[in-house]
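Hi everyone, thanks for making time. Have a look at the picture on the screen, and then I'll walk you through a few spots in it.

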Amino acid sequence: RNFIALRDVETELGGDEPLIRAIFVTLGSSGRSRGDNLARINVQLTSSEVRTVRTPDFVRAWKEAAPSIPSVRRFSVRQARGGPPGADIDVELKGTSIGVLKEAASEVAELIAAVPGVSGVEDDLPYGKPELVMTMKPRGSALGFTLDSIGRQVRDAVEGAVPRQFARGDDEVTIRITQSSTQEGTAALRAMQLKSPDGNDVPLLELVNLTEQQGFSAIQRRDGKTTISVSGDIDAAVNTTDGATEQLTESGVLDSVARKFGIEYEFGGRSREQGVAFRDLGVGSAVALMVIYIVLAWVFGSYFKPFAVMLIIPFGVVGAVIGHYLLGFQLTILSMIGLLGLSGILVNDSIILVSRLDERQKMGESIEEAAIGASRDRLRAVLLTSLTTIGGLIPLLFEKSIQAQFLIPMAITMVFGLATATLLVLFLVPALIGIGNDIRNGLIALYGDRQLPTIRRRQSPPMAGE
């Protein structure tokens, strides 16, 4: 029935245009989970360059058209995404009891599904096959049995005990002894007899109580604790990862669930990866700016002029934010990396201007005349430096290839940041240098012009015979 709904969605959205290239069905597994009760449908759409229907629209339509099938506990539709690894929203629950964690995961899944723009919510601990749980009776303890000894005998009877292994040529031969039974399945287990420490045969049902419950197909652990991850997809047009995590944190619903079940939680997936990436990027940015300042201070022979040059960088950030807003893109880690490249280009523009200003001052012009003349002299050089970069990146903004989509935020940062800062560099940098000169004159008026004394080298008297 889901296949029928899938084809109906293709016909409804695409009409005569084919949208689906191939469909693959996997029985017995779904992602990292394994079990006969699991299945997965992989749908490969046609290339994004040749179809007019976007993937989020197709996914949304399939969710709405999917029928409700009896005995199916969970059906979710998720699309592959680029960028940082992990799900868009991922809440990791940690505790000791797997049953308690499963109950908490069910409540957390409902809370995450209520966040606007979130869909495909699921946890990574699906139910597997039914299991038989053994609970020892008092009679078992009285006869000298323990749960370990009972479990060992049951395992040896079912899987076989290995009394000996020996080598035969290049092969290793294993002798395995199993217990034969005329019955099958759980009936054979219930009819099993175990050997007591006294050597007597005792029926299993006299030693333990057998109860049937739903088991789990896979159990995940992190840092020695049992962990369940509740994850989902976020529609980028409605919400973001930061917005969803902020809403869940500020509302306090996750804290109440953690207190109710006595567990811990933290955000994983893309939220964790972004946090690590931004921390590393912050360190890299600080080092890059420090190196830029040291180089500029060495070239200009001044401690203030590098600040005047580098203060143009924040205005490029303003242009990058405006560009993302106008084109409907979110700020990503690549946008931040683009800011580092943007900083270098903006510094180049400022260096061109400040160098010419210094030349004019050395020719005897005042600071005002040098600033105006430098902006006029270097107008063409500054514009060409920026426009050539902008012209080279503009085609990337309109690229439809899926391989280039993740680079568009970086291109937006550099194009709009350059376009904004280039218009300001011709006015702002000379103004900042003028402000610095006024501050210097004010300090001289207050404290005087303290110059280091000239160090003269005293010559020793000539030696005899020289």
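So, what share of the 466 residues of the chain counts as buried? It comes to 34% of them, where buried means under 20% relative accessible area, exposed means over 50%, and partly exposed is in between, using a 1.4 Å probe and protein chains only.

Quick housekeeping. This is a predicted model, where local features need pLDDT of at least 70 and side-chain atom pairs count only at pLDDT 80 or more, while totals for chains, interfaces and linings use all residues. Residues are numbered from 1 along each chain as its sequence is written, and side-chain values use heavy atoms, with hydrogens and water left out.

Now the overall picture. The chain has 15 helices and 13 strands; these are DSSP runs numbered from the N terminus, H or I of at least four residues for helices and E of at least two for strands. Take contacts, meaning heavy atoms within 4.5 Å: among those between residues at least 6 apart in sequence, 69% join residues at least 24 apart.

Let's go to strand β3, residues 89-95. Seven of its seven residues are buried, so the rest of the structure largely encloses this strand. In a regular strand, side chains alternate between the two faces of the sheet. Here, Ile89, Val91, Leu93 and Gly95 point one way, Asp90, Glu92 and Lys94 point the other way, and all are buried.

Which strands does β3 pair with? By pairing I mean that DSSP finds at least two bridges between two strands. One partner is β12, residues 225-234, antiparallel over seven bridges, and there Ile89 stands opposite Gly232. Another is β13, residues 264-267, also antiparallel, over four bridges, with Glu266 as the bridge partner of Glu92.

Leaving out residues up to four places away in sequence, Asp90 touches Ser229, Val230, Ser231, Glu266, Phe267, Gly268 and Gly269.

Next, the nonpolar cores. A core here is a set of buried Ala, Val, Leu, Ile, Met, Phe, Trp, Tyr and Cys residues joined through side-chain atoms within 4.5 Å. The largest one has 36 residues, and Leu357 and Ile433 have the most contacts inside it. The elements giving two or more residues to this core are α9, α10 (305-310), α11 (313-327), α12 (333-362), α13 (367-377), α14 and α15 (408-447). The largest share, 12 residues, comes from α15. As for Leu357, it touches Ile367, Ala370, Ala371, Ala374 and Ile433, again not counting residues up to four places away in sequence. Apart from this core lies another, of 25 residues, among them Ile89, Ala104, Val118 and Leu248.

Last stop, the outside. Val283, Val287, Val291, Val295, Trp298 and Val299 make a nonpolar surface patch of about 630 Å². Val299 sits in helix α9, residues 269-300, and counts as exposed because its relative accessible area is 54%. For contrast, Ile394 in helix α14, residues 379-397, is partly exposed, at 35%. For patches, residues need over 30% relative accessible area and no salt bridge, with like charges joined within 9 Å and nonpolar side chains (Val, Leu, Ile, Met, Phe, Trp, Tyr) within 5 Å. A salt bridge is a side-chain nitrogen of Lys or Arg within 4 Å of a carboxyl oxygen of Asp or Glu. The areas come from the Shrake-Rupley method with a 1.4 Å probe, and for residues only the protein chains shown count as cover.
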